[in-house]
Each structure stands twice: as C-alpha cells, then as structure tokens.
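Dear colleague,

Please find the structure handed over to you below.

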Amino acid sequence: MTASWIIHIIDDDEAMRTSLLFALQTAGYRGSAYLGASDFLAQEEAERGVLISDVRMPGMNGVELTRLLRQRGSTMPVILITGNANGTLKAEAMSAGANAVLEKPVALAVILAEISRVTADWE
Amino acid sequence: MDWDSQFEMFMPHGMCLLWRPELMSLHVLSDALIALAYFSIPFGILRFVRERGDLESKHHRLALLFAVFIALCGLTHIASIVVLWVPMYIVEGWLKGVTAIASVATAVCLIALIPEALKLPSAESMRREIAAHRTTMLALDAAHAALAVRFDRTEGELRVAEQHRHQSTALLSTVIEAMPGLIYAKDRSGRMLLANKATLDVIGKKWPEIEGRRDDEFLGDPRQAEIVMANDRRVMESGQVQELEEIVDHPAKGARVYLSTKVPFGHTDDAIKGMVGVSVDITERKQLAKELLHVSRRSAMGEMATAIAHEINQPLAAITLFLDGSITLLGEEHDGLLGRSLSLAKEQSLRAGEIIRRLRSFVSGGDDVKRPENLTLLVDGACSLALLGSRESGVTTSIVHREADLAVECDRVQIEQVIVNLVRNAMDAMSDAEGSALRIETGYSDDGMATLSVSDNGPGVNAEVAERLFEPFVSTKGVKGMGIGLSICRTIIESHGGKIWVEPDAGSGATFRFTLPSRGQVAAA
C-alpha cells in the first residue's frame, strides 16, 4: 500500500536529499530526488505521489512552487520542510496550498505520520 | 525809753509848724500821697511774684524784701502824719530803724543784682532777636516743606521701584518653581540659600528644614552628601562652571542619576560667594541608552542565530534521518546496544535542533514559551546531560536542593541551556586539577527569588575579568571558546526577570549564580 506512493524530494542540500531518501526507503517508500523546483517541474508527468520540498532554495522556493502547482490544478499533497520556520512562513505556506510544514531537524516518525495523514484521503 | 510817757513828754510835731493850716495840709497831703503810692507798690510786686511762676527763688525773695521795704517806707510817712498831732516819736524812731534795716538789706541785695541785671537784654534787643528768630523759623518751615515734597516724590519713586522689584522677584520665583529640574543655591560653605520645589521633592523635606543647612545635614545617605559637597567645593574653588553626574536617593523612586550644571557666583569683587546648581534627572535616559545597547546586541545576535539556525539545521536534519533510517534497517535488533545508541544519538540531534530553534525565536524576540516549571527537576534533567563523562574525568559532583519544589515560570529549554552552559564551564575550568569538586545548589535567595549556584574549585576568575565575563566574545578558554555562552546565558536570564553573576571564591574556584522570579513573585508582578 505504502509502496504505491512515490515521494518526490526537492532539496538543494545533498546530505538532506540523500538522508531523506534513505530513511523513506527503509520505511518502504519509493522516492525520487530533485535539486530544485525547476528540476521537478521538468518531469512533465510526475507520478502520483507526495511532494516533500525544502523552502529556501536557489531559484523558485518551496512556497512559490506549491502556489504554482495549485494554480495548475494539481492536488498532489505537499509537505514543506524548512530549517528556518516561523509563524509568517507557516501561514504563507498554508495559504499557498501546502498540506503541512515541518521544521528541520525532524524525526522520520513525524514525516511518516504526515505522509499518512495527507494521503489518507486518497486511500 | 518810756513808751507810756512819750505822749506827755513831747509836743506834737504840728506845734513846730505853728499849726499853720496851709503848712499842715501840705505835709499831711504829701505824706498821705507818698504813703498811698508806697502801699500800692507792694501789691503790684506781690501780684507780679504770684503770677510769674518762673522766678528764681532768690529773685522771689528779693522781690518780697523790696515789697516789705516799700511798705515800711509808706508806714514812716503815715507815722509823720500821726506825729503832727500825737507825739509818738519813740514809735516813729523804731519804725524808721526797722525801715532803715530793710532799706539797707534791699539796697545791698539790689547792688549785688546789678551785674546780673546788666546782662538782661533790653526789650528792643529782645524784639530784634525775636524778629530774627521768626525769620529763621520761616526759612526753616519753607525748607521743611520743600523736604516734605521731595520726600513724597522719592517715596513714590521708591514705591514704583519696589513694585518692579516685587514683580521681577515673583516672575523669577515662578520660573524657578515651574522648572521640572532641580534649582538650588548654596553659600561658600555649602549652606542652602535657595531650593525650588523639585529640589525639595528630591530631598523629601520642607524648606525650613533645610534652609541654611549643608547636604550632610539633610541628605539621608552620608556618602552621597559627601560627593555632592566635594563637587560644590570644586566649582567654588576653581570658579569654573562644571557639568557632572551625581547620584541622590529620591524618597519614592530610589537612587536617581542627575546631570548637574554648577555655576559659581559672586565674581564682581573677586570673591566667590557661593554656587547655583541646576540638576536634571537623567535616570530614564541612561536606562534607555543601556536598553538600546542591549537591543542592538540582541539584534546582532538574532541575525547570527538565524544564520546559524539555517546552516546547522540542515546537517542536523540529515543526521537525524540517517540515524532513523539506520534504526529502521536494524529491524528487530533495534533494541540492541547499537539500536539504543543510535536512538540516543538521534535524540541528541533533535535536541540540538530544538536548542537552536528556541535560541533563534528568543533572540529575534519570537514566541514567549514560558511555562510553570519546577526548577529542581529542571536542574536534575539538565545536569544528567551536562555531567556526561564527568566521572571519567575524576570530578566529584554534588547536587543539593534546599527546597524540594522551586516553582518558577520559564522557558524550559532556555534555562536548561543556561544550566548546561554553567556546568560545562565549571568542568572545563577544573579539567587539569586533581580532586576536582563541583557543587550545584538550588534554593530561595533572601529576597524570595529562586536561585541556582554552580561552584567549582578550579583556578577561579579574577575580578577584572569577572566584570566583563558576561559581555559577548569575552572568553577565558583561549582557543577553546568563542565567548558567547555566558553572554547568551545573561540574555536568557535577564529576559526571565532574573540576574546572573559570578562570585570569585575567597579560596579558589568560582561560583556562578543566577536568580529567577519564583511563581509567587511572577503572579504578584
């Protein structure tokens, strides 16, 4: 069941990409990693999945990406994960259409719980 | 002599005149007129004496003597008439004898009086003198009138001048009283000559209580008075205007800082008679300047904390996820030694993230997350982390709670951070010493604050460094420290309304101590 979802990971930090991919794989998810928003958007037909994106990145940031996806009519669940969360950013992200905002560092269990929550509607 | 037979023995005097009627008549008439004239004079004299009360007594007596003499003369003439018919020559003789005595006595007295009488001014000269006096009096009256006119005019001018003086005095005192600052004047020996209302408010006494007194007689704190008086003396001795800061206790507001401008007065004759001072309360201004410094330090730290947070959270997040992945890979073995170690490592990595998050939100003035906490439990928790590895390095540690429950309101993570910092510093300070002993103690301070102290027996802190130890970038650890730990500790403790300081121990070592308002105090505030 979990395997039917692919997790799209966007982060400019290599350690972050690798570790998240590794942790999610150990939990049984398939994942694909992208260096930035433009990389991800280049994949025309993204598989049905969950997007986990960093916020502060070169080029388009996580909040802008979320807004763009929603404008294009995408209903893909979006979890933003940031090293510098504050109230303003959270409010902005939610209004842009993000499903959750998490703060780095974050335990795998928390990420898994969020994935289950945001995908529950699709099951 | 035979008094009885004289009438028979002699013949009347008329016989000598042969009783010729014309001669008799001439004698009788002349003698009678003379006697009458003589008798009238004493009456005049008596009246004169009675009515002139200002006569000297000797003149008085002389006048009476004169009257008696004249009266006796008159009597002799009466006797002359009588003897024309009655030959009483013995009586007449004695009468003349008595009259002679009176005459001689009067003459003697009168002659003695002549020099005095000569001195008497004549009536004419008296009149002239009186006229001259009258002229003088008139001139005097005129002069008096002129003087009165001039006096009136001068009095008017004086009244106007007095009014002006009164007006300007009133204006000056209104200005002095209305000034928000302190205005006062003192004489050369420092005695109060003037003090406005603001000054009296600060001293907390009424004007009669301080008038003519010196500062050491009316200020509560003798040291403050001594400093103020020394400043006054310096102004008066140098003759120079001085601007200086002074501290004087206000009866209600406590110690206040004043900016005083002191001006010597009495330059005109080169002798300084005293000084006038104007003092403005700059306590708030100084406080503001201090807070501004604090804020600027905090905002610089806030920027740094944000940058650090972003850079460090990235690797921390990676570490956490690698560890989580590894634990998952261990599967059923995750309860083993390796699994437990990995879990502990992950917890610490999350803890580091939490510290950075709190620090950042704190220094950038973010969320206030103060909650009721028990300081003793918090200390135990923080120490268990901070003391990791202490036994291996040979440090003997004792934790003493003088109260089981120390209720405070605080941000748990921040206070834990302070405790860990202090304990770690203490251990670093003792790292080279044999028999290192660390003592951590909690309780209530004298003023009811919750307090914690961390004491070591290391080399201690010298007084000069102790003053700056809580400033940013001051370190005693050389290359090992950045010198921001204690600065952050102070920021945290002060934001909780507490204080943190170091007490260099008398023997060796140092005691770091902080206080936090206890729950009761927070509720009351």
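Strand 3 and strand 4 of chain B form a hairpin, with 3 residues between them. In this predicted model, strand 3 covers residues 242-250 of chain B and strand 4 covers residues 254-265 of chain B; the two run antiparallel and are joined by 9 bridges. One pair in this arrangement is B:Gln242, whose bridge partner in strand 4 of chain B is B:Lys262. Strand 4 of chain B also pairs with strand 5 of chain B (residues 274-281), again in the antiparallel sense, over 8 bridges. Here B:Thr261 stands opposite B:Val278, a residue of strand 5 of chain B.

Another hairpin of chain B is made by strand 9 and strand 10, with 5 residues between them. In its turn, B:Gly448 has a positive phi of about 80 degrees. Strand 9 (residues 437-444) and strand 10 (residues 450-456) of chain B pair in the antiparallel sense over 7 bridges. Within this pairing, B:Gly443 has B:Thr451 of strand 10 of chain B as its bridge partner. Strand 9 of chain B is also paired with strand 7 of chain B (residues 396-401), but in the parallel sense, over 6 bridges. B:Ser398 and B:Arg439, the latter in strand 9 of chain B, are bridge partners there. In general, the strands of a sheet pair through backbone hydrogen bonds, in either a parallel or an antiparallel manner.

Chain B as a whole has 16 helices and 12 strands. It consists of 525 residues, of which 24% count as buried. When contacts in chain B between residues at least 6 apart in sequence are taken, 60% of them join residues at least 24 apart.

Two helix pairs of chain B may be described in some detail. Helix 3 (residues 57-85) and helix 4 (residues 89-119) of chain B have axes that come within 9 Å and cross at roughly 150 degrees. This angle makes helix 3 of chain B roughly antiparallel to helix 4 of chain B, since angles over 145 degrees are counted in that way. The crossing of helix 3 of chain B past helix 4 of chain B is left-handed. Sorted by class, the contact between helix 3 and helix 4 of chain B has 18 nonpolar, 4 polar and 2 charged residues.

The other pair is helix 13 (residues 412-429) and helix 15 (residues 485-495) of chain B, which pack at an angle of about 145 degrees with their axes 10 Å apart. Helix 13 of chain B likewise passes helix 15 of chain B in a left-handed crossing. From helix 13 of chain B, the residues B:Gln414, B:Gln417, B:Val418, B:Asn421, B:Leu422 and B:Asn425 meet B:Gly485, B:Cys489, B:Ile492 and B:Ile493 of helix 15 of chain B. By class, the contact of these two helices has 5 nonpolar, 5 polar and no charged residues.

Turning to chain A, there are 5 helices and 5 strands. Read from the N terminus, the elements of chain A follow the order β-α-β-α-β-α-β-α-β-α. Of the 123 residues of chain A, 41% count as buried. Among the contacts of chain A with a separation of 6 or more, 57% are between residues 24 or more positions apart.

Strand 3 (residues 49-54) and strand 4 (residues 78-82) of chain A run parallel and are joined by 4 bridges. One of the partners across these strands is A:Ser53, which is bridged to A:Leu80 in strand 4 of chain A.

Finally, the two chains touch: the contact takes 19 residues from chain A and 22 residues from chain B. On the side of chain A that touches chain B, helix 1 of chain A gives the largest share, 7 residues. The residues on that side of chain A divide into 10 nonpolar, 5 polar and 4 charged.

Yours sincerely

Notes. Residues numbered from 1 in each chain as written. Chains lettered and ligands numbered in written order. Predicted model: local features only at pLDDT ≥ 70, side-chain atom pairs only at ≥ 80, totals over all residues. Pairing = 2+ DSSP bridges. Contact = placed C-beta atoms within 7 Å. Nonpolar A, V, L, I, M, F, W, Y, C, P; charged D, E, K, R; others polar. Axes fitted to C-alpha atoms, helices over the stretch in contact; angles between N-to-C directions. Left-handed = near helix turned anticlockwise from the far one by under 90°. Parallel < 35°, antiparallel > 145°, perpendicular 65-115°, else oblique. Buried ≥ 20, exposed ≤ 12 C-beta atoms within 10 Å, placed from the backbone.
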